[in-house]
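Subject: Structure handover

Hello,

Here is the structure for you to look through. Please open it beside this message.

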Amino acid sequence: MESPNTESPNTESLFTRLLLATECSDFDVGAQKMALALTQRCQLPLTVILPIISNPEFEAIAPQIAAKADAEAAQKLTQLRRQAHEAHVTLEVVVRRGEEPYREIVEEANAQACEMLIIRRRGKRGFLANLLIGEMVTKVVAHAPCHVLIVPNESTVWKQRILVALDSAEAPQDSGQTLRTASRIALQCGLPLHIVSVVAVESLRISLQARMDQWVMQAVAMGVVAQGEICVGKTYPQILLARETSHSDLIVLNSRSKHHATRPILGSIAQKVIALSDFPVLVLHT
């Protein structure tokens, strides 16, 4: 997000608290830089959650294991604290122990009541979405009580255009909520919004045009410079292609699979977009 002086003085901030989840590994470098940059530019509080895998029964027998883990955690956080100091960012650091790191991250997001969680995307781009995102990250996105920003290691804060992918099969209230959130982000950042929806075959394009026109009008009514694009083909490649051709540097989309209403699960399209995008992906919790 751009610095505060680029935002409309009458626009209420969408985010008031950010949470960075990190294990301070090489894969976390990009997410850490992103969190510091967003915190600095938006002048928001930043909490850092460092999850440590822990087995209470084993550590009760061998307490030196827990002591060693704590010492390693403190060492890992040293460089991050130094980077924060250089960026004039104050960190609140929370170290949580548990058998499953994703649970500790999700529970801390609940405790902090943060609006956005920032986390890495493990590995390089490719076709094995689950492996490339990483099991922990996939579970965090699926269970998080807030929006989640997934950050590839080499990406930076968006400065050009925001792309929001809307599903024409969704109920109007669901797609409308996704659009409103993306529009508010675009408005606060002073960036144009590119609205994309994908249909399977060309014959469906005409039936979607009226709804696309409505989406564009809704964004414009919020004060956003917006344009719409209807793509034909397989959903996730078309979203990625639209990002490229529109020169967008942030992708916004919904998270849930509509086929699993009884339990949280990250939708397959979101998984593939996250895994294959070289740019940050903001997965909305709706």
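Below are the notes, from the whole chain down to single residues.

This is a predicted model: local features need pLDDT of at least 70, side-chain atom pairs count only at pLDDT 80 or more, and totals for chains, interfaces and linings use all residues. Residues are numbered from 1 along each chain as its sequence is written, and side-chain values use heavy atoms, with hydrogens and water left out.

**Overall**

The protein has 10 helices and 10 strands. Helices (H or I, at least four residues) and strands (E, at least two) are DSSP runs, numbered from the N terminus. Of the 286 residues, 52% are buried. Buried means under 20% relative accessible area, exposed over 50%, and partly exposed in between (1.4 Å probe, protein chains only). Take the contacts between residues at least 6 apart in sequence: 78% of them join residues at least 24 apart. Contact means heavy atoms within 4.5 Å.

**The sheet**

An open sheet is formed by 10 strands, with mixed pairing. The order is β3-β2-β1-β4-β5-β10-β9-β6-β7-β8. Two strands pair if DSSP finds at least two bridges between them. At the edges are β3 (91-98) and β8 (226-232), each of which pairs on one side only. From one strand to the next, the twist averages 25 degrees.

Some pairs in detail:

- β1 (residues 18-21) runs parallel to β2, joined by four bridges. Ala-21 has Ile-49 of β2 as its bridge partner.
- β6 (residues 162-165) and β7 (residues 193-199) pair in the parallel sense, over four bridges. Leu-163 stands opposite His-194 in β7.
- β9 (residues 250-254) and β10 (residues 281-284) also pair in the parallel sense, over four bridges. Val-252 stands opposite Leu-282 in β10.

In a regular strand the side chains alternate between the two faces of the sheet. On β6, Ile-162 and Val-164 point one way. Leu-163 and Ala-165 point the other way, and all are buried.

β2 is mostly covered, with seven of its eight residues buried. Look at Thr-47, which sits in β2 (residues 46-53). Thr-47 is buried because its relative accessible area is 1%. Leu-19 is 28 residues away along the chain, yet the C-alpha atoms of Thr-47 and Leu-19 are separated by 4.9 Å. Leaving aside neighbours within four places in sequence, Thr-47 is in contact with Arg-17, Leu-18, Leu-19, Leu-20, Glu-92, Val-94 and Gln-112.

**Helices on the sheet**

Helix α6 (residues 135-143) lies across β4 (116-120), β5 (147-151) and β10. α6 runs at about 165 degrees to β4. Helix α10 (residues 268-276) packs on the sheet and touches β5, β9 and β10. The direction of α10 makes about 165 degrees with that of β9. Axes are lines fitted to C-alpha atoms, for helices over the stretch in contact, and angles run from 0 to 180 degrees between N-to-C directions.

**Helix on helix**

First, α7 (residues 172-189) and α8 (residues 205-221). They pack at an angle of about 40 degrees, with axes 10 Å apart. α7 and α8 are therefore oblique to each other. Angles under 35 degrees count as roughly parallel, over 145 as roughly antiparallel, 65 to 115 as roughly perpendicular and the rest as oblique. On the α7 side, the contact is made by Pro-172, Ser-175, Leu-179 and Ser-183. On the α8 side are Arg-211, Trp-215, Gln-218 and Ala-219. These residues divide into four nonpolar, three polar and one charged. Ala, Val, Leu, Ile, Met, Phe, Trp, Tyr, Cys and Pro count as nonpolar, Asp, Glu, Lys and Arg as charged, and the others, Gly among them, as polar.

Is Ser-175 buried or exposed? Ser-175 of α7 counts as buried, at 1% relative accessibility. Leaving aside neighbours within four places in sequence, its contacts are Leu-166, Asp-167, Glu-170, Arg-211 and Trp-215.

Next, α9 (residues 235-246) and α10. They pack at about 40 degrees, with axes 9 Å apart. α9 and α10 are therefore oblique to each other. Thr-235, Tyr-236, Ile-239 and Leu-240 of α9 meet Ile-269, Lys-272, Val-273 and Leu-276 of α10. This contact divides into six nonpolar, one polar and one charged residue.

Best wishes
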